[in-house]
Each structure stands twice: as structure tokens, then as C-alpha cells.
Amino acid sequence: MTDFDPASLSNVGPKEFAQLVKSTPDDKIAQVMSGDLRGKILGEVFGRMPSLFRADRAGSTNAVIHWVITGRPDGGSDTYEVVIADGKCDVNETPQHDPKLSLTMGPVEFLKIVSGGANPVMMFMTGKLKAKGDLGLAANIANLFDIPKA
């Protein structure tokens, strides 16, 4: 698969997805993420988080993290809630708890982070990623997941 084709996302493994994001120009990703397939892509990515969670690295971490992805076609944003507790990770499409950490970013930045193609700390320093709350957790979040590298 050489084109960013969200219709076949469910058939693509994490490493192939990372390669797909890496090989797709930012403007093409932005175009796809501002269209009808945005919800499917976000659902697919967040649906994989529990299986990529590394309980062995989380230790006694208990946290609620809100991922706010801006750039929805109607001008709004999507917020997904990741709950890390008791050595497991659960995802809610609708936030149900107050977050310990809230991360806000555009759709291109989000896909680059979850596919291992961007450094979240550098994105924070350049203003492409906004973090509110527990910044120590924000700095360590990538270690809690087995993020594929393209």
C-alpha cells in the first residue's frame, strides 16, 4: 500500500501504518483528516492503544489522559480519553473523567506521534503540541506504549 488509504487501515499492522504515515506528505494527511474518514482513522488508532500499552513499563501509573485532536471539518476538535489504571489501558471516545494530562495537537501531528515519526518534546517546544497538567507524565507517555517505528 503506497497511498494513505484509510479504507484499508484495519488490514494494516502498526509498523505498516507507521510507514504509511511517514511516506505520506503532510498536506495529504491533513486533507484526509479533514474529511469523512477522520472518525474511522481516529477510531482505528485509539482502538489499538490498549494492545500497544506496556503494563511492564507503567509500574503504578494511574492517569487519565485526554487527547484533543483539532482540525475537524466543522472547525471543532475530537477528544479521546485514555485511562491507565491497575496495569491496563482503556480508551473512551467520550471523556468521562477529569484528566491528569490533556494533550492538544493537530491531526498531522497526532498521526506522526502515534506512528513514531515525531518527537513529542520537540513538538511541545515548538508549539505544535500543547500539554496541560502533569508534564512529567507527558514527557514519559511514549514509554508507556510500544510505538512502532517506520
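This is a predicted model: local features need pLDDT of at least 70, side-chain atom pairs count only at pLDDT 80 or more; totals for chains, interfaces and linings use all residues.
**Exercise 1. Work out what kind of residues line the largest cavity, and where they come from.**

Solution. Next, take the space itself, which comes to about 250 Å³. Now look at who sits around it: 17 residues line the largest cavity, and Val45, Met49, Leu52, Val114 and Ile147 lie nearest its centre. Finally, trace them back to elements: helix H1 (14–23), H3 and H5 each give two or more residues to this lining. H3 has the largest share, with 5 residues.

**Exercise 2. Decide how H3 and H5 are arranged, and find the residues that hold the contact.**

Solution. First, get the geometry: helix H3 (residues 38–52) packs on helix H5 (residues 107–114) at an angle of about 30 degrees, and their axes are 12 Å apart. Angles under 35 degrees count as roughly parallel, so H3 and H5 are roughly parallel to each other. The crossing of H3 past H5 is left-handed. Then list the partners: from H3 come Arg38, Ile41, Leu42, Val45, Phe46 and Met49, and they meet Pro107, Phe110, Leu111 and Val114 of H5. Sort these contact residues and you get 9 nonpolar, no polar and 1 charged.

**Exercise 3. Describe the largest pocket.**

Solution. Its volume is about 170 Å³. Among the 13 lining residues, Pro120, Phe124, Leu129, Ala138 and Ala139 lie nearest the centre of the pocket. Strand S4 (101–105), helix H6 (120–125), strand S5 (129–133) and helix H7 (135–140) each supply at least two lining residues.

Terms used
Residues are numbered from 1 along each chain as its sequence is written. Side-chain values use heavy atoms; hydrogens and water are left out. Axes are lines fitted to C-alpha atoms, for helices over the stretch in contact, and angles run from 0 to 180 degrees between N-to-C directions. Helices (H or I, at least four residues) and strands (E, at least two) are DSSP runs, numbered from the N terminus. Angles under 35 degrees count as roughly parallel, over 145 as roughly antiparallel, 65 to 115 as roughly perpendicular and the rest as oblique. A crossing is left-handed if the near helix is turned anticlockwise from the far one by less than a right angle, and right-handed if clockwise. Contact means heavy atoms within 4.5 Å. Ala, Val, Leu, Ile, Met, Phe, Trp, Tyr, Cys and Pro count as nonpolar, Asp, Glu, Lys and Arg as charged, and the others, Gly among them, as polar. On a 1 Å grid over the protein atoms alone, a cavity is a set of points where a 1.4 Å probe fits but cannot get out, and a pocket is an open set with protein on both sides within 12 Å along at least five of seven lines; lining residues have an atom within 4 Å of a point. Grid points are joined across faces, edges and corners, and a volume is the space filled by probe spheres set on the points.
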